[in-house]
Amino acid sequence: MKASNELKVGIAIILSAVAFILGVRFFEDIPLFKGTYDLYTVYDDARGMIVGNAVRISGVDVGSVQEVSLDPETNKVKVRIRLDKQYIVKEGAYTEITGIDALNAVQMVIHQGPPDNPPVNDGDFLPNRIANDLFTSLTESAPGLISRSDSVLVGLDGTITDIGELVQPGSDLRRMFSSFRSSADAIEQLLSEERVRIGRVLANVDTLTTALGETTQGAGDSLAIATQQLNELLRRVDENLAALENTTNTLDSILGKIDQGEGTVGLLINDPALYHQMDSTLENMNALFLDIKENPVRYMRALRLFDIL
Amino acid sequence: MPVGPAGMLNPVRALGRYSLLMFQAFGSLHELSIYRKNLFDQMVKIGIESIPIVALTAAFSGAVTTVQTAYQLTSPLYPKSLIGSIVAPSMILELGAVVTAFILTGRVGARIAAELGTMRVTEQIDALEAMGLNSVGYLIIPRVLAGVIMFPVLYISAVLVGIGGGIIVADLGGWLEAAEFIDGAREFFNPFDPVFGCIKSLVFGFVITSISCFKGYYTRGGAEGVGRSTTESAVTSCVFILLADLLLAVTLL
């Protein structure tokens, strides 16, 4: 009985001690069994940061704030953070407090250093940069915003004047609107007159689409065959086009050769002497034909002679 | 005890007698080896046998706190995880320790007062003295020590079950996801909070057991006296739990 009671009490105490330690680590968002390391940073303004706030790298929770203490001499705030060992912070990293302090929802963000840098060690100091919260940045950018909105308003004023001119009685826009309205009236009248017919047309369209749907379903096989044939056709067209391209290329090279003066045709085209000879020959022929026309007898005689032969 | 104008000093007298009794009890702490069996007996009776009722109460208080917080947080401006941020610290700082203490005032304090009161009125305490035993040490030390040691254990189980109850009700009731609840609880978690809760439960353990021992040990007047001691021990314990709660919050937080 005695041993049993002692055992019960011992088990209860050990279990609750383990639960306490694991529970605290769990709610601190520190991995239950893995190691951690501490870093610290100093701010001029902690902006409502409290113990337990999340620490993030690229938006991922990597640890939590462990201690926020105000140095009474320098009035600066030292913040100690505890990070999960699997997240390595590189040297050159800096911290930043982000979030909206009005809602008490602030967190620390660590911006990583260059990837080639060595990792920081336990207990190291991280420099910081204070990020502006929503309201601060609004306040800071307010003067620029105001001047910009001023110029926008001036532009808007001009636009409104233009619009005013545009909607004067007798303006194009007015006329356009009135004709648009009469068209709309006409369409409306038409619609009301032809309501029955339009209804019938739509019903027909409906039947048609239904039938088409059924046909498509039924004719699936034929469609497949047709598609196959179309594919075959396209393949052949493709082959033909390839052949055509080949031909074009050959033609191109031939034309190139001709242009270079290679071969008979090339010589023909590129030798001006031949052209001149042909020209003079044609001229002579022309003269000859003229002569024949003027004195046909001279040649007829010769022809006749030829006939006799 | 004197009545009338002189009775105004009764509470002061009671405080004096209580302090002397405690001094006497802790003066016999060196005899602890003699009380060892008795101590573990009391630890089981006060601590382990109380776990079911403490867990039940904690589960319901966690669940009810969750539902009521969710009911009150209707503004879309607040994230739903804020429910976790409210329920978990409530359990850790206040409900886990105080609700447990009130439950144990009834379950443990009343039992101790009635036990010692009956022993007093049936002259068993006198019999112990006659046998040469130090009745104060023998009866009070195991009970008070068991309370001080086991109350933090009960507190830890109450907090775990309470937060678990809150999470389950939040999840099943469709108020918020378990992960959201835990996120919220983590957002504002301070590792000192559970330590403070443990200190509180330790103090409450001492308050409940010592006051009920005191009331029981000085019982007079038969069965009626036992009843009166039991009632007085429960009421006085409750009042001093609240006082200690406030004092600890003011001094330690």
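**Loops, salt bridges and a pocket**

Modeller: Let us begin with one residue of a loop: A:Arg47 is situated in the loop that runs between strand 1 and strand 2 of chain A. Please bear in mind throughout that the model is predicted.

Colleague: Is A:Arg47 buried or exposed?

Modeller: The cut-off for a buried residue is a relative accessible area under 20%. A:Arg47 has a relative accessible area of 8%, and therefore the residue counts as buried.

Colleague: What is the phi of A:Arg47?

Modeller: Most residues other than glycine have a negative phi. A:Arg47 is not a glycine, yet its phi is positive, with a value of about 50°.

Colleague: Where is A:Asn75 found, and what is its phi?

Modeller: A:Asn75 belongs to the loop between strand 3 and strand 4 of chain A. This residue is other than glycine and has a positive phi, near 60°.

Colleague: How many helices and strands does chain A have, and in what pattern do they follow one another?

Modeller: The secondary structure of chain A consists of eight helices and six strands. Read along the sequence, they give the pattern α-β-β-β-β-β-β-α-α-α-α-α-α-α.

Colleague: What percentage of the residues in chain A is buried, and what share of its contacts joins residues 24 or more positions apart?

Modeller: Chain A has 309 residues, and buried residues make up 18% of them. Among contacts in chain A with a separation of 6 or more, the share from residues 24 or more positions apart is 58%.

Colleague: Which residue forms a salt bridge with A:Arg80, and where in the chain do the two lie?

Modeller: The closest N and O atoms of the pair are 2.6 Å apart, and a salt bridge requires such atoms within 4 Å, so the contact qualifies. The pair links distant parts of the chain, 42 residues apart: A:Arg80 lies in strand 4 (residues 77-84) and its partner in strand 1 (residues 36-43) of chain A. The partner is A:Asp38.

Colleague: What separates A:Arg235 and A:Glu232 along their helix?

Modeller: The side chains of A:Arg235 and A:Glu232 form a salt bridge, 2.8 Å from N to O. A:Arg235 is partly exposed at 40% relative accessible area, and A:Glu232 is partly exposed at 31%. Because the two residues are three residues apart in helix 5 (residues 220-260) of chain A, their separation is about one helical turn.

Colleague: Which backbone oxygen lies 2.4 Å from a polar atom of the side chain of B:Thr100?

Modeller: B:Thr100 is part of helix 4 (residues 82-121) of chain B. At 7% relative accessibility, B:Thr100 is buried, and residues that it touches include B:Val54 and B:Leu154. The backbone oxygen in question belongs to B:Gly96.

Colleague: What is the volume of the second largest pocket, and which element supplies the largest share of its lining?

Modeller: The second largest pocket has a volume of about 400 Å³. Its lining has 23 residues, and among the closest to its centre are A:Ala105 and B:Phe188. The largest share of the lining, four residues, comes from helix 7 of chain B.

Methods: Residues are numbered from 1 along each chain as its sequence is written. Chains are lettered from A and ligands numbered from 1 in the order in which they are written. This is a predicted model: local features need pLDDT of at least 70, side-chain atom pairs count only at pLDDT 80 or more; totals for chains, interfaces and linings use all residues. Side-chain values use heavy atoms; hydrogens and water are left out. Buried means under 20% relative accessible area, exposed over 50%, partly exposed in between (1.4 Å probe, protein chains only). A polar contact is a pair of N or O atoms within 3.5 Å; within protein, one must be able to donate a hydrogen and the other to accept it, and residues adjacent in sequence count only if both atoms are side-chain atoms. Contact means heavy atoms within 4.5 Å. On a 1 Å grid over the protein atoms alone, a cavity is a set of points where a 1.4 Å probe fits but cannot get out, and a pocket is an open set with protein on both sides within 12 Å along at least five of seven lines; lining residues have an atom within 4 Å of a point. Grid points are joined across faces, edges and corners, and a volume is the space filled by probe spheres set on the points. Lists of a residue's contacts leave out its neighbours within four places in sequence.
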